[in-house]
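My plan is to look up a few spots and write down what I find.

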Amino acid sequence: MKRGAPLLAAIAVAAPVYSCERKPEPNRPPESTGAIPAQEVVATDTTTVDLSAYFEDPDGDELTYAAVSLTRPPLTTVSVVGATLRIVGVKRGRTTISASAADPEGLGASQTFAATVLGKPGFLQVRLSYDEEDVGAVVVLVEGPSMDSVRAGEAGLEAYHAPDSGGVRAFVAGTVADGATVLRFWSEDVTAPGDYRGSLLEAAGKDYGQRPVESGTVAIEK
């Protein structure tokens, strides 16, 4: 027995040592947990989306979120604070937004969704630039999409209007100064004044004498 003990000790020394430590699992990228639904926002208004409800990390890592509008020129502005995506409507139309999530090592996931910007109803102004003096009446034509509640643009003016091909023809009486707002009308989208066109058809002085119309410019403004 005494002679066997050194042999056992030598075997023990010669035996390899195996570690019981496990290798770390490889980092996995974030995953989408559901499709972000299509969004609607009124022009100039804001809607929000909680992006943390649509992404998760299988390793439990904290995620960083980002988003970008894919339509040019952009119909929306987008920004992300924390996990909250803010979508601000700029102009009526349909756009696509890409949202993404990334883990601390830069692995990420993304998805796209549609956003529709609706028109913002309100009043638009019809402004007349005219360098003639002592103007007492004008006839203007405004063409464009639907126009409701057409009325005089300023105190002291009276307006009478009737439908015209593709728009409204209005007779405005009173002191019409250069730069005066001669009319106001209700539009389905005040963010798109460029959808309308205005022209000066007739002008008369306070003495009822006809005035030239060539130098008159009609602008549609918000």
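**Entry 1: a threonine pair**

I began with Thr95, whose side chain makes a polar contact with the side chain of Thr71 at 2.5 Å. By polar contact I mean a pair of N or O atoms within 3.5 Å; within protein, one must be able to donate a hydrogen and the other to accept it, and residues adjacent in sequence count only if both atoms are side-chain atoms.

A note on what I'm looking at: this is a predicted model, where local features need pLDDT of at least 70, side-chain atom pairs count only at pLDDT 80 or more, and totals for chains, interfaces and linings use all residues. Residues are numbered from 1 along each chain as its sequence is written, and side-chain values use heavy atoms, with hydrogens and water left out.

Thr95 sits in strand β8, residues 93-102. Strands (E, at least two residues) and helices (H or I, at least four) are DSSP runs, numbered from the N terminus. Is Thr95 buried or exposed? Thr95 counts as buried because its relative accessibility is 2%. The cut-offs are under 20% relative accessible area for buried and over 50% for exposed, with partly exposed in between (1.4 Å probe, protein chains only). Leaving out residues up to four places away in sequence, I found Thr95 touching Ser69, Thr71, Leu75, Thr76, Phe113, Ala114 and Ala115. Contact here means heavy atoms within 4.5 Å.

**Entry 2: the sheet around β8**

Next I looked up which sheet holds β8. Four strands form an open sheet in the order β2-β9-β8-β5, with mixed pairing. β2 (39-42) and β5 are at the edges with a single partner strand each, so one side of each has no neighbour in the sheet. From one strand to the next, the twist averages 30 degrees.

I count two strands as paired if DSSP finds at least two bridges between them. β8 and β9 (residues 108-118) pair in the antiparallel sense over 10 bridges. Among the partners in β9, Gly108 goes with Ala102 and Thr112 with Ser98. Their hairpin has five residues between the strands, and Gly106 takes a positive phi near 90 degrees there. β2 and β9 pair in the parallel sense over four bridges, and Gln39 stands opposite Ala115 in β9.

**Entry 3: another sheet**

I then turned to an open sheet of five strands, in the order β13-β14-β11-β16-β17, with antiparallel pairing. Here β13 (158-164) and β17 (210-211) stand at the edges; each has a single partner strand, so one side of each is left without a neighbour in the sheet. β13 and β14 pair over seven bridges, and His161 stands opposite Ala170 in β14.

The largest has 25 residues, and Val138 and Phe185 have the most contacts inside it. Elements giving two or more residues to this core include β11 (135-143), β14 (167-173) and β16 (197-205). A second, separate core has 19 residues, including Ile36, Ile87, Ala109 and Phe113.

**Entry 4: a loop residue**

Last, I checked Asp59, in the loop between β4 (55-56) and β5 (64-69). Asp59 counts as partly exposed because its relative accessibility is 30%. Not counting residues up to four places away in sequence, Asp59 touches Pro26, Asn27 and Arg28.

Conventions
A nonpolar core is a set of buried Ala, Val, Leu, Ile, Met, Phe, Trp, Tyr and Cys residues joined through side-chain atoms within 4.5 Å. Axes are lines fitted to C-alpha atoms, for helices over the stretch in contact, and angles run from 0 to 180 degrees between N-to-C directions.
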